[in-house]
Amino acid sequence: MTTTPTVPPSGLTVLSLPMGDPRVRPLLDELAVEYATRYGDFFSSGGAAEEMNRYPAEEFEAPHGALIIIQEEGESVAGGAFRRYDEDTAELKRIWTHSAHRRRGLARRVLTELEDEARRRGYRKLYLTTGPRQPEAKNLYLATGYQALFDLDEDPEKIKHLAFSKDLALPS
């Protein structure tokens, strides 16, 4: 059985940043390429650009949102964000791991950091969607306690937006 090595916490720096910070740029640039490569105009004629510009940067700022970047030796290697979905729910967006740093447990670390921050902000639930051509994301969410809000046996291409939710236990 092969196990995926995880990144030890030492050597990593978790930063909470505004969308316009230059350290966020690698996340946005690589996500745009990833979306364009995997989906083209599958979701809309606007493609990746439309998705990347769907939400204003302010939605990912405190007090209702957050954006984190994980850096290793000064390089942005993973990140993600959340925005307010409703009073009790944060919506996770832009979960990303740099293509040269995948299979190291960084996406799990991003999820943990975002979940902890959402909990601190008083959210009781998380919601997210991923696309049908990202099976690794679907598997990550299922493995980390997210509930699929769709039929797992259905063709993901027909569903298009694979929605998940997770209840957060508030700190005691």
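**Salt bridges and strand packing in a predicted model**

Reader: Which residue meets R25 in a salt bridge?
Author: This is a predicted model. The side chain of R25 comes to 2.9 Å, N to O, from its partner. A salt bridge needs a Lys or Arg nitrogen within 4 Å of an Asp or Glu carboxyl oxygen, so the pair qualifies. The partner is D29.

Reader: In which helix do R25 and D29 both lie?
Author: The two residues are 4 apart, about one turn of the helix. The helix covers residues 25-39. It is α1.

Reader: Is R25 buried, partly exposed or exposed?
Author: Buried means under 20% relative accessible area, and exposed means over 50%. R25 has 43% relative accessibility, so it falls in between. R25 is partly exposed.

Reader: How far apart are the closest N and O atoms of E59 and R83?
Author: E59 forms a salt bridge with R83. The pair links distant parts of the chain, 24 residues apart. E59 is in the loop between α2 (47-52) and β2 (66-72), and R83 is in strand β3 (residues 75-86). The closest N and O atoms are 2.5 Å apart.

Reader: Is R83 buried or exposed?
Author: The cut-off for buried is under 20% relative accessible area. E59 has 28%, so it counts as partly exposed. R83 has 12%, so it falls under the cut-off. R83 is buried.

Reader: Which residue forms a salt bridge with R104?
Author: The closest N and O atoms of the pair are 2.9 Å apart. R104 sits in the loop between β4 (89-97) and α3 (106-120), and its partner sits in strand β2, 32 residues away. R104 itself is partly exposed, at 21% relative accessibility. The partner is E72.

Reader: Which residues do salt bridges that share partners join into one network?
Author: E59 and R83 form a salt bridge. Shared partners bring E91 and K93 into the network with that pair. The members are E59, R83, E91 and K93.

Reader: Which residue in β3 stands opposite L67?
Author: β2 and β3 pair in the antiparallel sense over 7 bridges. They form a hairpin with 2 residues between them. E73 in the turn has a positive phi of about 50 degrees. Opposite L67 stands A81.

Reader: Over how many bridges do β1 and β2 pair?
Author: Strand β1 covers residues 12-16. Its T13 stands opposite Q71 in β2. The pairing is antiparallel, over 5 bridges.

Reader: Which residues form a negative surface patch?
Author: One member, D153, is in the loop between β6 (147-148) and α5 (156-159). At 75% relative accessibility, D153 counts as exposed, because exposed means over 50%. The patch is formed by D151, D153, E154 and D155.

Reader: What distance separates the C-alpha atoms of H161 and F150?
Author: H161 lies in the loop between α5 and β7 (162-167). H161 is partly exposed, at 48% relative accessibility. H161 and F150 are 11 residues apart along the chain. Their C-alpha atoms are separated by 9.1 Å.

Terms used: Residues numbered from 1 in each chain as written. Predicted model: local features only at pLDDT ≥ 70, side-chain atom pairs only at ≥ 80, totals over all residues. Heavy atoms only, no water. Buried < 20%, exposed > 50% of the residue type's maximum accessible area, 1.4 Å probe, protein only. Patch = residues over 30% accessible without salt bridge, like charges linked within 9 Å, V, L, I, M, F, W, Y side chains within 5 Å. Areas by Shrake-Rupley, 256 points an atom, 1.4 Å probe, with all protein chains shown as cover. Lys, Arg positive; Asp, Glu negative; His and termini not counted. Charge placed at Lys NZ, Arg CZ, Asp CG, Glu CD. Pairing = 2+ DSSP bridges.
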